[in-house]
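Please look over the structure shown here, with attention to its aromatic rings, its pockets and its backbone geometry.

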Amino acid sequence: FVLIDDQGFNDVGTTSTDLSECTPTINALGDDGVRLGLYYGQSLCTPSRAAFLTGKYPVNAGMQHSMISVLSPWGLPVEHTLLPTYLKRAGNYHTHIVGKWHLGHFAAQHLPLARGFDTHFGYYSGFESYFSHIGEIGSCASPNCYYDLRRQVTPAADAEGTHAAYLFPGEAVSILEGHARGTGRNSPFFLYFAIPNVHAPVMVPDHLYVEHAAVLDKIENSERKAFAALTILADEAINNVTEALRSSGAYDNAVIVIASDNGGNPNIEGSGSNYPLRGMKGDLWEGGIRVHALVH
């Protein structure tokens, strides 16, 4: 299950007015799958992720109150059983989360490893710097800013300076390859690939503007161009995971779901687009809750 962060209705696929060339992998998976034309998330990150993992409306899980921030002393209540636990009960699944959690980190019992996941490589907060991995950079106030990248529960300090859009696909591919080689290769697995793209702050490696100039030079607005580059990185990440499924032999028996958690953020620091829908991330208009999704 690939959950893209803050990808708006006009930010992906063949119907996008300006980014259709940025998502060839997603487009192809949709062409050979089922596009969900009336797919609705929630209006913000935390309630949307809670709804997915619990199977409940956020109001029925105590998660309707906006987003969890770096200092929030609350999280998804532990009495709610999550999807990875149900999968373990149903079929002895190996369960993995790569990327964003955002469902509470103030106490150990709220962390992914206590909620049914066997492994976690990612971050707890709502967003992080793509390069320095400081949680909620730009909105946290010192000394409350912290390095927010973990392997299991230990800070992954060796990753500082490496763009998250390279770290997380690499980890996902490693998990899939390890599963194919390991003792549990005949057991089912669940990978929750919650990538950071395309959440603000929009940060991309400079070399992308050269490598993908044929596509990016068509976009005149500089902020939207950076957003497009981050979209290309998201599509490449999905391609890497899909190819790893193929090379591991799991592809023919796999279900791939791709969706966004909520509508796009069209403010200058976000540069998403929900055209032609009304509203944006945080709104209950369709621009805040209706997003593209597919099953392949």
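This is a predicted model: local features need pLDDT of at least 70, side-chain atom pairs count only at pLDDT 80 or more; totals for chains, interfaces and linings use all residues.

Residues are numbered from 1 along each chain as its sequence is written, and side-chain values use heavy atoms, with hydrogens and water left out.

**Aromatic rings**

The structure holds seven aromatic pairs, where rings of Phe, Tyr and Trp (its six-membered ring) pair if their centres lie within 6.5 Å, and planes under 30 degrees apart count as stacked, over 60 as edge-to-face and the rest as tilted. The pair of Phe-52 and Tyr-192 is tilted, because the ring centres are 5.4 Å apart and the planes stand at 50°. This pair links distant parts of the chain, since Phe-52 belongs to helix H2 (residues 45–54) and Tyr-192 to strand S8 (residues 189–194), 140 residues apart; helices (H or I, at least four residues) and strands (E, at least two) are DSSP runs, numbered from the N terminus. Phe-52 counts as partly exposed at 23% relative accessibility, whereas Tyr-192 counts as buried at 0%, where buried means under 20% relative accessible area, exposed over 50% and partly exposed in between (1.4 Å probe, protein chains only). Both residues belong to a cluster in which ring pairs also link Phe-1, Trp-101, Phe-117 and Phe-190.

**Pockets**

The two pockets in the table were found on a 1 Å grid over the protein atoms alone, a pocket being an open set of points where a 1.4 Å probe fits, with protein on both sides within 12 Å along at least five of seven lines, and lining residues having an atom within 4 Å of a point. Grid points are joined across faces, edges and corners, and a volume is the space filled by probe spheres set on the points. Ala, Val, Leu, Ile, Met, Phe, Trp, Tyr, Cys and Pro count as nonpolar, Asp, Glu, Lys and Arg as charged, and the others, Gly among them, as polar.

| Pocket | Volume | Lining by class |
|---|---|---|
| Largest pocket | about 640 Å³ | 21 nonpolar, seven polar, one charged residues |
| Second largest pocket | about 270 Å³ | seven nonpolar, five polar, four charged residues |

Of the 29 residues that line the largest pocket, Phe-189, Leu-245, Asn-253, Ala-254 and Val-255 lie nearest its centre. The largest share of this lining, five residues, comes from H7, while helix H3 (83–91), helix H4 (164–181), S8 and helix H7 (222–248) each supply at least two residues.

**A buried loop residue**

Leu-19 lies in the loop between S1 and H1 and counts as buried at 0% relative accessibility. Leaving aside its neighbours within four places in sequence, Leu-19 is in contact (heavy atoms within 4.5 Å) with Asp-11, Ile-219, Arg-224, Phe-227, Ala-228 and Thr-231.

**Backbone geometry**

Most residues other than glycine have a negative phi, and most peptide bonds are trans. Phi is positive at His-133, near 65°, and at Ser-271, near 70°. His-133 is buried, with a relative accessible area of 0%, and Ser-271 is buried, with a relative accessible area of 9%.
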